[in-house]
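I looked up a few residues, a surface patch and a pocket.

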Amino acid sequence: MAGFPLPAMFLYKRKPETMKANSRFTASIIGFGILIAAQIVFILLPGRMVIPFIRICRPLLYFCLAAALFLFIGKDERPVPLSQTYFLLAGIGALLYYSAMLITGVLCGFGKNAMVADFSAVLQNTWIYATVALLSEYLRAKLIKRTSADNRLAIASMLTMVYTFVQIDAVRTITALDFSSLTEFFFATVFPVLILNTVLSYIALEGSLAALLLIRGVYSLSPFLIPLLPNVSRTVWALISCTVLFFTAIIFHRNISVNNYRSQYIAKRHIKYQKKSFMAYAISAAVIVLLAAFFLRAFVYFPAVVLSGSMTGTIDRGSIVIVQKLREKNVVATINEGDIINYTNNKIEVVHRVIELRYNTSNEQIYITKGDANTVIDSNPVEVSQVIGIVKAHIPYIGYPLVIIRAIFSG
């Protein structure tokens, strides 16, 4: 009997913590149930109710869940070790994603994003998609981090599956798909969402909220906020995105693993004394050569800077246009009325729109051009030999430094 008080005291002190952990796990399960129920309701809604649900009900639901979680758990005052490292790694992952987007666009062309028709569409997309995406990652981080270590992996796994289900709105149409469309639906929609949520849950287990928000924002919001996207099919882009995500996960795993962090830190202190491998130099040189070749117009697609305001309203001054280079024999078959072309006029490159096709006295094709912001047509018709290429896309403002430099040196 003399040893009884110590176990009783131990049980008394540990019981509240155990109950607290169990209540948090129960709260997580309840949250999952609410999200699944909301998605099932969305699937069963009549068509006229879909847009109000997406625009109003879903963002408010995530607001309520985030507020309830904050009130239930409270603010976590504990500092996150290596949080700056996690955010830097997430930034590298974002850079990989946008680099893949740029390279794909250069090789396959860019297309205008129908989801970003104007500024009001951007604001609407921000409310509908950004609100849900960022709040859902807040929920993910808090549910995983504040759960006991015994249940953390289980919560992360359940979150991955639940979020994959609730983030696929196209599941409403799954019953109307044939086998071929169903296969495309899986690889273009379900698989990339599953991979994204798997990586995000892993980052939530090991990393920080800021890293989560950055990765989710880049992958989930870019298709709704960027005006130009690579002109490839959804399946191809899904494959590219999953590949980039795979490398991002490897970067996180290799750099934030608790077991090897100390050894990496020691290695970094001696990195300047280590001899760089031949492969590192070769890859660096290849990247530099490819970039130089791109800007020197060695590829089918190349960039050009718009230095004047003659196309303002369509292509503003300072924009970079992506031009598809045309061989002289392909010009007539490719260019039609309404196309924007890049051509030379007295050794000066011009980007104007073709407003009419005509033939000269030798029965050769010529093009009547005009800047969209100009009131009169160009005085000289454009001959086939003057055409450099056809404009496929443009990126605003990026080329403005060249406009400024030209203004300084020209006057």
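Entry 1. I began with F247, which counts as partly exposed because its relative accessibility is 45%, between the limits of 20% for buried and 50% for exposed. The model is a predicted one, and I keep that in mind for every entry. I placed F247 in helix 8.

Entry 2. I then asked which residues make the nonpolar surface patch. I found L88, I92, L96, F246, F247 and I250, with a patch area of about 540 Å². Helix 3 (83-108) and helix 8 (234-256) are the elements that each give two or more residues to this patch.

Entry 3. I turned to N113, in the loop between strand 1 (110-112) and helix 4 (119-145). Is N113 buried or exposed? I noted it as buried, because its relative accessible area is 8% and the cut-off for buried is under 20%. I also looked up the pair N113 and L228: their C-alpha atoms are 5.3 Å apart, while 115 residues separate them in sequence.

Entry 4. I went on to the largest pocket and noted a volume of about 1,400 Å³. Its lining has 49 residues, and V193, S220, P223, F224 and R234 are the closest to the pocket centre. I asked which helix gives the most to the lining of the largest pocket. Helix 6 (residues 179-206) does, with eight residues. By type, I recorded 32 nonpolar, eleven polar and six charged residues in the lining of the largest pocket.

Key. Residues are numbered from 1 along each chain as its sequence is written. This is a predicted model: local features need pLDDT of at least 70, side-chain atom pairs count only at pLDDT 80 or more; totals for chains, interfaces and linings use all residues. Side-chain values use heavy atoms; hydrogens and water are left out. On a 1 Å grid over the protein atoms alone, a cavity is a set of points where a 1.4 Å probe fits but cannot get out, and a pocket is an open set with protein on both sides within 12 Å along at least five of seven lines; lining residues have an atom within 4 Å of a point. Grid points are joined across faces, edges and corners, and a volume is the space filled by probe spheres set on the points. Helices (H or I, at least four residues) and strands (E, at least two) are DSSP runs, numbered from the N terminus. Ala, Val, Leu, Ile, Met, Phe, Trp, Tyr, Cys and Pro count as nonpolar, Asp, Glu, Lys and Arg as charged, and the others, Gly among them, as polar. Patches are made of residues with over 30% relative accessible area and no salt bridge: like charges are joined within 9 Å, nonpolar side chains (Val, Leu, Ile, Met, Phe, Trp, Tyr) within 5 Å. Accessible areas come from the Shrake-Rupley method with a 1.4 Å probe; for residues, only the protein chains shown count as cover. A salt bridge is a side-chain nitrogen of Lys or Arg within 4 Å of a carboxyl oxygen of Asp or Glu. Buried means under 20% relative accessible area, exposed over 50%, partly exposed in between (1.4 Å probe, protein chains only).
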